[in-house]
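Take a look at the model below and let's walk through it together. We'll start with rings and then move on to a helix and a loop.

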Amino acid sequence: MDVNTGEVLSMASYPDYDPNSWVGGISQTDYKALQENNALYNRAIAGTYAPGSTFKMVTALTGLETGEITIDEKIRDNGIYTRYRDYQPRCWLYTQSRRTHGYLNVSSAIQHSCNYFFYEVGYRVGIDNIIKYANYLGLGKKTGIELTGEVNGTVASPEAAEKNREIWTDGQVLATAIGQSYNAFTPLQMAKYISTLANGGNHVTPTIVKTIINAEGSEVSKEEIQQTADERLG
């Protein structure tokens with residue numbers, strides 16, 4: 001994706017299919033085969049997946065914007081986060097080697113993907129703020145691309161737990177902060193999120209339409225294209 005314009009430069013989904021199968025009309029047998037292996041399912045806009053550590057930049061931004069952390073503040077990675085008695089997650093480095101990252105500021109915490117640092121930030125900012133900034137960055141809602149079948153995805157929340165008939169706990173905030181819990185987003189949402197970070201915070205609307213020329217030979221405005229797409233996609 002062009003991070004400044006939202007123009008999609010490449011999009012793929014697998015299993016794929018040969019477009020030539022449709023020339024002259026696809027057979028019922030071939031169409032059924034495509035359905036059975038989900039080749040017609042566009043995972044780029046309809047598949048939702050756990051973001052994992054790529055979500056940590058949401059937590060970092062939330063901490064900085066709310067003033068709960070500063071660029072220079074250092075948090076000590078103790079390996080095991082022991083704030084809650086019933087949920088004590090570990091940093092991946094401690095689990096792997098019984099070592100810790102030591103003192104880290106937000107930049108080095110992102111660099112080393114330190115779970116402990118983001119557990120603490122998640123605790124400080126709370127779930128409502130994480131949700132707010134995740135939504136601001138385009139996560140958990142449709143991007144508006146001119147394609148049918150796009151889904152919203154899910155930002156972890158007490159409401160998401162309730163939909164899954166589960167109980168939300170304080171420990172879920174810590175899991176959310178490192179991209180786990182109920183977090184699930186489409187690849188396109190993730191591309192938009194990263195684009196917003198990369199271009200300095202400007203929102204872009206992903207698009208696969210370069211230009212449209214009407215019958216009179218003039219170019220249709222982006223606003224008109226988007227309005228038509230919104231109407232047809234509901």
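How many aromatic pairs does a search of the whole structure find? The search turns up eight. Here, rings of Phe, Tyr and Trp (its six-membered ring) pair if their centres lie within 6.5 Å; planes under 30 degrees apart count as stacked, over 60 as edge-to-face and the rest as tilted. Keep in mind that this is a predicted model, where local features need pLDDT of at least 70 and side-chain atom pairs count only at pLDDT 80 or more, while totals for chains, interfaces and linings use all residues. Residues are numbered from 1 along each chain as its sequence is written, and side-chain values use heavy atoms, with hydrogens and water left out.

Let's zoom in on Tyr81 and Tyr116, an edge-to-face pair with 5.2 Å centre to centre and 70 degrees between the planes. This pair links distant parts of the chain, 35 residues apart: Tyr81 is in the loop between β1 (75-77) and α4 (92-97), and Tyr116 is in helix α6 (residues 115-136). (Helices, H or I with at least four residues, and strands, E with at least two, are DSSP runs numbered from the N terminus.) Tyr81 is buried, with a relative accessible area of 2%, and Tyr116 is buried too, at 9%. Buried means under 20% relative accessible area, exposed over 50%, and partly exposed in between (1.4 Å probe, protein chains only).

Now for another pair: the ring centres of Tyr84 and Tyr123 are 6.4 Å apart and their planes sit at 70 degrees, so this pair is edge-to-face. Tyr84 lies in the loop between β1 and α4 and Tyr123 in helix α6, so the pair ties together parts 39 residues apart in sequence. Tyr84 is buried at 17%, whereas Tyr123 counts as partly exposed at 36%. Arg83 lies over the face of Tyr123, 3.7 Å from the ring centre; the rule is that NZ of Lys or CZ of Arg is within 6 Å of the ring centre and within 35 degrees of the ring normal.

Next stop, helix α8 (residues 170-177). Why is this helix described as largely enclosed by the rest of the structure? Because seven of its eight residues are buried, including Val173 and Leu174. The buried residues of α8 pack against α3 (56-66) and α6, where contact means heavy atoms within 4.5 Å.

Finally, find Asn105 in the loop between β2 (102-104) and α5 (106-112). Not counting residues up to four places away in sequence, Asn105 touches Ile71, Asp72, Glu73, Lys74 and Phe117.
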